[in-house]
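Good morning, and thank you for coming. Please take a moment with the sequence and the model before I go through selected features.

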Amino acid sequence: MFDCKDEVWALTKQLVRIESIVNEGGEKVLSQSLFTLISSYPYFQQQLDHVIYQQTENDEQERYNVIAFVKGTKNPSNKTVLLIGHIDTVGIDDFTLKELALDPDALALALRQEDLPEAVKVHLESGEFEFGRGVLDMKSGVASHLYLLKYYSEHPDELEGNLMVVFECDEEVGSHGMISALTELKRLREMHGFNYVAAINADFVSPRYIGDPKRYIYTGTVGKLLPSFFITGSETHVGSCFEGIDPNFIAAHLTRQISYNPALCNEAFGETTVPPVSLRQMDLKPAYTVQTALSAYVYFNFFIHSWSPKEVQDRLIVEAETAFTTALTEFKHNYAEYTKASGEPMNVITWQPRVMTYEEMHVSLQSEHGEDYIIHMDAFKEQLLLQTDVDTRMFSARVVEEAWKWMPDKNPAIIMFYPSLYSPRTEVTGKNYNEKNLLDAIKVAVDTVQPNYPHPIVTKNFFPYISDMSFISLSDDVAGISVVATNNPGWKTKIYVDYEAIRDINVPVINIGPYGYDAHKQYERMERSFSLNIVPNLTNQVIQQLIGCK
């Protein structure tokens, strides 16, 4: 085993001290520093074209990936293992000691003077945890990969294949880095004949429950969707509230129907996703009036293990119909009770539950209005793009809102759509030669390294957080994933992902990453022993089993 804790920690601190908050410009600084560092290694000074500084594609910002590879010289082979990791972090505004967030040594000293939660205090005093933004998510993982790249650049004779690192930006928001890297991976494959046999991500891992002693390796990742709903009501003055129906009332029933609903948990291979939960619920009134809103907007986080986006859509249409029916039933009941109390007559309620997809509405409007509708909507989108403060989710909502104005039937309705990035689920089950070899390599790696570490190292199927693993391997078929495009109002205008480019690379991917607590929080911390020593050794054992001198 490598004794690499000190060197990986030194690299981690070097990376942490360079601010690389996503979308704030620092990603470019860190990628330039990484490119300069890797280019200084003797191997890359001799092989200048083996390190690449790649600008991201279709990106509103200027930022770069760093890609580098070492060609093994012991029985040269086209087999290639990828090490991937993101260099961006979330922000530091949550830090009480904000000025020390990027200085782990100074932060640790200062925290000793703070009133800390008990668990944080125990970890700090143990000396086994390091604190700071990015130490866990995931600059120590990047440092582990960087250590291995440097080692094999000095010992290419220990590889019967090739080792490549992909250090990418913008994992935390839009995965522009990994999606852009696909272009370069394809180019390098064509130029050098690389056969990508496995990818190893190094994103962070954490306890799955309080008191969980295990450290996890993941052989796939959860998928993530953001199903969204545009809800129209029937506007009325609040003094005559039963003459219309408030879309917020319908939205509330929809949220109650979907959020925390265990029937919408997706089980696969004995592992179950958490249920969906609302991430936003709002109406679209621009200002205060005493009229009820014309429309409301709701979206939900939705994790998947085996369902396709099409299957999720089909399930949620049913849930929306149930919620709409429940809302109308309650509305009629409350109206009847009110008329009894007030002595006023009750009007007949003719509204019916009406749920459709954006694609269904869009096709209907094309048929109804032809080119006039298409020309208007294209112009509307172009104008909306000029509003730089409108994110992809609100962009889609505004497009649906504008399209709704063309509907001849303005009775209340729910329109479902997908407004943003779909992070595909991935799985490694041994269904082909590369997957079987990768699973076998993990077993050997754990058996080899486990005696050197006191806590159990356990393999599970689905990494439980969003990661760039989703953009290097694809388990969905074409039909299952197509609704992501056809039901996204901003597709090819505000957002676009070439999912077939992922399928073209489609390398089985696992996660072996640093262990710790409170990623994205002010007490973010990583355990030194596992993160700085066990992770690089586990990763190296997998490399050796796949392309090394076994």
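F269 sits in the loop between β11 (267-268) and β12 (271-272); helices (H or I, at least four residues) and strands (E, at least two) are DSSP runs, numbered from the N terminus. Although F269 is not a glycine, its phi is positive, at about 55°. With a relative accessible area of 46%, F269 is partly exposed; buried means under 20% relative accessible area, exposed over 50%, and partly exposed in between, with a 1.4 Å probe and protein chains only.

Two remarks on provenance. This is a predicted model, in which local features need pLDDT of at least 70 and side-chain atom pairs count only at pLDDT 80 or more, while totals for chains, interfaces and linings use all residues. Residues are numbered from 1 along each chain as its sequence is written, and side-chain values use heavy atoms, with hydrogens and water left out.

N58 is another residue with a positive phi, about 50°, that is not a glycine. N58 belongs to the loop between β1 (51-55) and β2 (64-71), and its relative accessibility of 73% makes it exposed. A further backbone feature is the cis peptide bond from D137 to M138, with omega near -15°. M138 is placed in helix α6.

Let me stay with helix α6, which also holds S153. S153 counts as buried, at 8% relative accessibility. Which residues does S153 contact, leaving aside its neighbours within four places in sequence? They are Y41, Y43, F44 and V70, where contact means heavy atoms within 4.5 Å. A charge sits over a ring if NZ of Lys or CZ of Arg is within 6 Å of the ring centre and within 35 degrees of the ring normal. R315 lies over the face of W307 in this sense, at 3.9 Å from the ring centre.

I turn to aromatic pairs. A pair of aromatic rings is described by the distance of the centres and the angle of the planes. Rings of Phe, Tyr and Trp (its six-membered ring) pair if their centres lie within 6.5 Å; planes under 30 degrees apart count as stacked, over 60 as edge-to-face and the rest as tilted. A search of the whole structure finds 30 such pairs. In one of them, the ring centres of F2 and Y151 are 4.7 Å apart and the planes stand at 65°, so this pair is edge-to-face. The pair links distant parts of the chain, 149 residues apart: F2 is in the segment before α1 (5-16), and Y151 is in helix α6 (residues 135-154). Both partners are buried, F2 at 14% relative accessibility and Y151 at 17%.

Y422 and Y499 form a tilted pair, with 6.0 Å from centre to centre and 45° between the planes. Y422 lies in the loop between β16 (413-417) and β17 (426-427) and Y499 in helix α15 (residues 499-505), so the pair ties together parts that are 77 residues apart in sequence. Y422 is buried at 1% relative accessible area, and Y499 is buried at 6%. There is also an aromatic cluster formed by F129, Y453, Y515, Y517 and F530.

Next, the nonpolar cores. A nonpolar core is a set of buried Ala, Val, Leu, Ile, Met, Phe, Trp, Tyr and Cys residues joined through side-chain atoms within 4.5 Å. The largest has 135 residues, and those with the most contacts inside it are I38, F229, I472, L538 and I543. Helix α6 gives the most to this core, with 11 residues. Apart from it lies another core, of 25 residues, among them F230, Y297, M361 and W404.

I close with helix α11 (residues 371-385), whose 15 residues reach 21 Å from the first C-alpha to the last, close to the 21 Å expected at 1.5 Å a residue; the expected span is 1.5 Å times one less than the number of residues. Its buried residues are Y373, I374, M377, K381 and L384. Why are they on the same side of α11? They cover an arc of only 95° around the axis, which puts them there; the arc is that of the directions from the helix axis to the C-beta atoms. These buried residues pack against α10 (358-369) and α12 (392-404). On the face turned away from the buried side, α11 carries the exposed residues E371, D372, I375 and Q383.
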